[in-house]
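Hello,

Here is the structure I said I would hand over. My notes on it follow below.

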Amino acid sequence: MGECLFCRIINREIQATIIYEDDRIVAFNDINPQGPTHVLVVPRRHIATLDELTPDDDPLAGELVRRAAAIAKQRGISAGGYRTVFNTNRDAGQTVFHIHLHLIGGRTMHWPPG
Ligand code: 5GP
Ligand code: ZN
């Protein structure tokens, strides 16, 4: 997916502050952070939305979630609390169609979200 912004970040064609990577996952700082910590945890493989996930992707989805928790712990924000969000499609405000788990923390948040 040559046109996909996050594929291009993963392929190092566009600069980003990558804070973690392994064979399946890359995590980098959001360019427009909504808190002191705002990290996007993404699969290397291009998957447009949660709607494209298959049962074969269950381990990958678990890894995304567990990696977000590990990064939160590393940042020292676990006990205070943090938010993890997948935006899917228009009404949720998804703007980049390569799935990404937002990890936002380091400040008090409110519910429901806007
Ligand atoms: P969405 O609205 O699709 O859930 O989230 C997309 C996120 O990607 C937004 O939080 C936005 O700030 C972030 N973003 C958009 N373009 C870039 C970019 O070029 N680099 C980085 N690091 N983040 C980006
Ligand atoms: Zn992509």
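Predicted model: local features only at pLDDT ≥ 70, side-chain atom pairs only at ≥ 80, totals over all residues.

Two or more lining residues come from each of α1 (5–10), β2, β3, β4, α3 (89–92) and β5. By type, the lining residues are 15 nonpolar, 14 polar and four charged.

Several of those elements are strands, so the sheet comes next. Strands of a sheet pair through backbone hydrogen bonds, in a parallel or an antiparallel way. Here the sheet is open and has five strands in the order β1-β2-β3-β5-β4, and the pairing is antiparallel. The edges are held by β1 (18–21) and β4 (82–85); each has a single partner strand, so one side of each lacks a neighbour in the sheet. On average, neighbouring strands are turned by 20° against each other, direction ignored.

One pair can be described further. Strand β3 (residues 37–43) and strand β5 (residues 101–105) are joined in the antiparallel sense over five bridges. In this pair, Val41 stands opposite Leu101 of β5.

Finally, a helix packs on the sheet: α2 (residues 58–75) touches β1, β2 (25–29), β3, β4 and β5. The direction of α2 makes about 155° with that of β3.

Regards

Conventions:
Residues numbered from 1 in each chain as written. Chains lettered and ligands numbered in written order. Heavy atoms only, no water. Pairing = 2+ DSSP bridges. Helix = DSSP H or I, 4+ residues; strand = E, 2+ residues; numbered from the N terminus. Axes fitted to C-alpha atoms, helices over the stretch in contact; angles between N-to-C directions. Contact = heavy atoms within 4.5 Å. Nonpolar A, V, L, I, M, F, W, Y, C, P; charged D, E, K, R; others polar.
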